[in-house]
Amino acid sequence: MTGETPGSGLARRRRRLSDDETARRMLAAAATRVEAAGLTVSLEHISFEEIIRDAGVARSAAYRRWPYKDLFFGDLLRELARGAVPAITDPNPGAVGAVARTLLASLGWARTPGLRRALAGEVLRESALGEFEVFHRSSAWRTYLALQATFRGLPDGALRAEVQRSFAESEGSLVAGVATAYARMAGVIGLRPRAGVTYETVARAAVATLRGLVLMAPANQEITDRRFRANPFGAPEPAEWSEPALAIASVVLGLVEADPDVEWTDEHERSVAAMLRSGRWAAG
């Protein structure tokens, strides 16, 4: 007698996992590590042995699936590229409510076509810094930027083509979400894109600006900390701005103009105010 009991840890053998289950566990464990620590411009800091331990799979099964570490990294790149951006573009109900409150506070500006861009500027002044800080602190966003750097170093072939397709889908999702948000805000205020410009163009330009600021911020703390009073878009009075808000607002508002077809009457203003209070404007 050894003292073992049926079902105890000593008596119970580990269930043998299929190759697909081993792969799923390994990739999930590696993605969890990346999400927690971020990704550098390579994957060399990711330990294959530690991933095996985190995944709870047999070493023999892991090495049978990926005889070489580079093969695992290739599959990990595919996995990360598929999901990096959508995770940081989820709707934020709090941000939607803040935009509505900002618009309601100065909605009368929209009566004057020349002040509609200033009203949009108020929204961006209030919201753009928060968006920048979310992206700046996000390990998912840092991972995405690092993935792009890693992708540029991949040789031509099936892996590069697949990762490129994943990036295209992720970028398309990000741009579409931002474009939709801008189109809704502009429609409420009475703005439209300038001739030849689409909201997708506006969104791509804004996202590129935000991305550049995020990349610059670690070496330049002023991007995050600096505040100054300014009136860049002809508002009734100056207000406090941050550098991210000014940069993003300048890009966005340079590509839109007052819509001459919008007649801003008392009735129209009451309708817009009711829509903002109800939240219907953000639902399309």
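This is a predicted model: local features need pLDDT of at least 70, side-chain atom pairs count only at pLDDT 80 or more; totals for chains, interfaces and linings use all residues.

User: Which residue forms a salt bridge with R111?

Analyst: R111 has a salt-bridge partner whose closest atom lies 3.0 Å away, N to O. R111 sits in the loop between α5 (93–105) and α6 (113–137), while the partner belongs to helix α12 (residues 266–278), so the pair ties together parts that are 158 residues apart in sequence. The partner is E269.

User: Is E269 buried or exposed?

Analyst: The cut-off for buried is under 20% relative accessible area. E269 has a relative accessible area of 19%, whereas R111, at 39%, counts as partly exposed. E269 is therefore buried.

User: Which residues are joined with E21 into one network of salt bridges?

Analyst: Let's take the pairs in turn. E21 forms a salt bridge with R24, with the closest N and O atoms 2.8 Å apart, and both lie in helix α1 (residues 19–37), three residues apart. E21 also meets R25 in a salt bridge of 3.1 Å, N to O; these two are four residues apart in α1, which means a separation of about one helical turn. Through shared partners, the residues joined with E21 are R24 and R25.

User: How many salt bridges does the whole structure hold?

Analyst: The pairs discussed here include R111 with E269 and E21 with R24. A search of the whole structure gives a total of 15.

User: How are α9 and α11 oriented to each other?

Analyst: Helix α9 (residues 199–216) packs with helix α11 (residues 243–253) at an angle of about 160°, their axes being 9 Å apart. The contact is made by residues including V202, A206 and L213 of α9 and P244, I248 and V252 of α11. The crossing is right-handed. Because angles over 145 degrees count as roughly antiparallel, the answer for α9 and α11 is roughly antiparallel.

User: Why do the buried residues of α2 lie on the same side of the helix?

Analyst: In helix α2 (residues 48–55), the buried residues are F48, I51, I52 and A55. They share one side of α2 because the arc they cover around the axis is only 105°.

Technical notes:
Residues are numbered from 1 along each chain as its sequence is written. Side-chain values use heavy atoms; hydrogens and water are left out. Buried means under 20% relative accessible area, exposed over 50%, partly exposed in between (1.4 Å probe, protein chains only). The arc is that of the directions from the helix axis to the C-beta atoms. A salt bridge is a side-chain nitrogen of Lys or Arg within 4 Å of a carboxyl oxygen of Asp or Glu. Axes are lines fitted to C-alpha atoms, for helices over the stretch in contact, and angles run from 0 to 180 degrees between N-to-C directions. Angles under 35 degrees count as roughly parallel, over 145 as roughly antiparallel, 65 to 115 as roughly perpendicular and the rest as oblique. A crossing is left-handed if the near helix is turned anticlockwise from the far one by less than a right angle, and right-handed if clockwise. Contact means heavy atoms within 4.5 Å.
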